Amino acid sequence: MAEYQTHDYDVLVIGAGGAGLRAAIEASANNVRVGVVTKSLLGKAHTVMAEGGIAAAMANVDERDNWRVHFADTMRGGQYVNDWRMAELHAKEAPDRVRELEKWGALFDRTHDGRILQRNFGGHRYPRLAHVGDRTGLEMIRTLQDHGIHLGMDVHMECTVLKLLTGDGRIAGAFGYERERGRFLLFRTKSIVLATGGIGRAYKITSNSWEYTGDGHSLAYHAGASLMDMEFVQFHPTGMIWPPSVSGILVTEGVRGEGGVLKNQEGRRFMFDDIPENYRPQTADNEEEGWRYTQGDRNARRPPELLTRDHVARCIMREVREGRGSPHGGVYLDISWIKDRIPKGAEYIKRKLPSMYHQFKQLADIDITQEPMEVGPTTHYMMGGVRVDADTQMSDVPGLFAAGECAAGLHGANRLGGNSLSDLLVFGRRAGEYAARFAQQNGAPAVDAAQIEAAAHDALGPFDHSGENPYQVQHELQEMMQDLVGIVRREEEMRRALRDLESLRQRAATVSAPGNREYNTGWHTALDLHHLLSVSEMITRAAIERKESRGAHFREDYPAKNDAEGRCNIIVRRNITGEMQVTREPLKPLTPELQQIVEEMK
Ligand SMILES: Cc1cc2nc3c(=O)[nH]c(=O)nc-3n(C[C@H](O)[C@H](O)[C@H](O)COP(=O)(O)OP(=O)(O)OC[C@H]3O[C@@H](n4cnc5c(N)ncnc54)[C@H](O)[C@@H]3O)c2cc1C
């Protein structure tokens, strides 16, 4: 019999990033017992890395902004496969969530008259991102952590949940281990909020932290929940590609928002070559107009560098493929040129983009105030995730909620920058509220001892096996996903990926972790493999099913958008015999009011 420590809660929140902490705050405020579990230390979740800002139509910098414009921008960016109800709630509630953060102590950058300053970002019609220099995520986490901790929640740091437990057709608990001591933990709980973030570590080149192994996606899938639109993986256009010491690290879109431009090997601003029709009316005709936009000219339109991420990433790939790329397979991003236009330009860049400046100076000896950066697409964000009800965030497993990057719906086929941090606040709060309500209305479920024994047995497998090193399997998986299910996809390659996944799965079943259970990172990696393989298969099967190109999903064999067959969501779930089943579901029709907003702002 496995030994474990038991904890009882009304609501268990898995994840202590922006979504998890906001959910925990709301649940605690509803007077239920709340536990928070996080793989890392409190205050160190991936949200801490967010740079550019939080999108909210507060209209502090441009009074023409309002929730309708934000809603329309989000739907256009998502290529209209978004859950419109989530997009509506998000646009309407984000300003209050930002003001609430300020009330709790977040120190945002300011306008001259003392309001929260907002900056330009890709796909947003007006300056909309509330920010703290380029360290917005840090301030957000600090504020939520300070506020939340006084509400009395229990925090289990450096603990990894391995399995969700179910019983009587609903969620019953979670089973995990302490990373430091290797001891098992059982959480008995009435409801669970999954807030585990993304999946970037399924790919070789990624901006994501080590935590992003798709645990929440996989935990939900194995507990019987449906996942939606897993084919939509966002490749951010500007990750550093050279030198190797900074490879994959993100260069925030804020750099382009402040006037940074993209150039090819010939020194030409190639983004003017290809402007999508639905963005043409909002895009600058020439470089001068684009520059004026970044400097706050309300009559100017945005430069094409601030088109949506999916489009910018593909334009970069085109330059590289057609032989106009930089020496290491990317293009150049230059902010240093603004010195010619702004007095004390170098100081301005350091003030506006302090982390960018220090990070690249220290890690790569690149001074971004003096020279361009060499950039290319990096795996950045997961639009797909657990399918949830828009208002409550509950999945189709009763008592299981999801919020933040591990939930699907808001962003459709492509997320706009800044819309994640606002997503965490809006839907983290909703998930916390409804998870607390579920706990208050439902009794404590019975926990099935057989599920616990099976989870413990599986977890200890790597100590008994004599197979290969788990890092080798992880490395080959990442290479394979990058090559076969990356930015440009083809059916034949993705079918090959499915075969490769099967053989990697067999190898993963016998990997070995020498040593003992205390702080054994080989063991942790062996356990992560199960999740990485599950999400990789979900991504691949969903990507094969969507036979068109839309947003972040680009099929070379189906290069056009196909509204007749593409206006659907792709749903992945486990069928009764335990196999992965993929189906399509038609989109919910928009309400007449929202349809009118979309039409007016097209
Ligand atoms: C460099 C960078 C810059 C970004 N900048 C912006 C920006 O400016 N604006 C914006 O809107 N978005 C930005 N994003 C995206 C945004 O940061 C993320 O989408 C967001 O922070 C995700 O938050 P989350 O709460 O969903 O998850 P996270 O903050 O990642 O938190 C996940 C939590 O779950 C825990 N966890 C995971 N698995 C388990 C498990 N099995 N057991 C227990 N705990 C687990 C982790 O330890 C962690 O605590 C950026 C992303 C990157 C990489």
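How do the residues of the shell around the ligand divide into nonpolar, polar and charged? There are 15 nonpolar, 19 polar and six charged residues; Ala, Val, Leu, Ile, Met, Phe, Trp, Tyr, Cys and Pro count as nonpolar, Asp, Glu, Lys and Arg as charged, and the others, Gly among them, as polar. The model is predicted, with local features needing pLDDT of at least 70 and side-chain atom pairs pLDDT 80 or more, while totals for chains, interfaces and linings use all residues. Residues are numbered from 1 along each chain as its sequence is written, and side-chain values use heavy atoms, leaving out hydrogens and water.

**Ligand surroundings**
- The ligand is surrounded by 40 residues (a heavy atom within 4 Å), the closest being Thr47, Gly52, Glu211, Tyr212 and Glu405.
- A ligand oxygen atom lies 2.7 Å from a side-chain N or O atom of Glu405.
- A ligand nitrogen atom lies 3.1 Å from a polar backbone atom of Glu51.
- The protein buries 99% of the 1000 Å² that the ligand exposes when taken alone (Shrake-Rupley method, 1.4 Å probe).
- Two or more shell residues come from each of helix H1 (18-29), strand S7 (159-167), strand S14 (373-382) and helix H11 (419-441); H11 gives the largest share, four residues.

**Helix H9**
- In helix H9 (residues 345-352), Gly345, Ala346, Tyr348, Ile349 and Lys352 are buried (under 20% relative accessible area, 1.4 Å probe, protein chains only).
- These buried residues fall within an arc of 160° seen down the axis of H9, so they line one face of the helix; the arc is that of the directions from the helix axis to the C-beta atoms.
- Strand S4 (118-119) and helix H10 (354-364) are what the buried residues of H9 pack against (heavy atoms within 4.5 Å).
- Helices (H or I, at least four residues) and strands (E, at least two) are DSSP runs, numbered from the N terminus.

Technical notes
Polar contact = N/O pair within 3.5 Å; in protein donor to acceptor, adjacent residues only side chain to side chain. Buried < 20%, exposed > 50% of the residue type's maximum accessible area, 1.4 Å probe, protein only.
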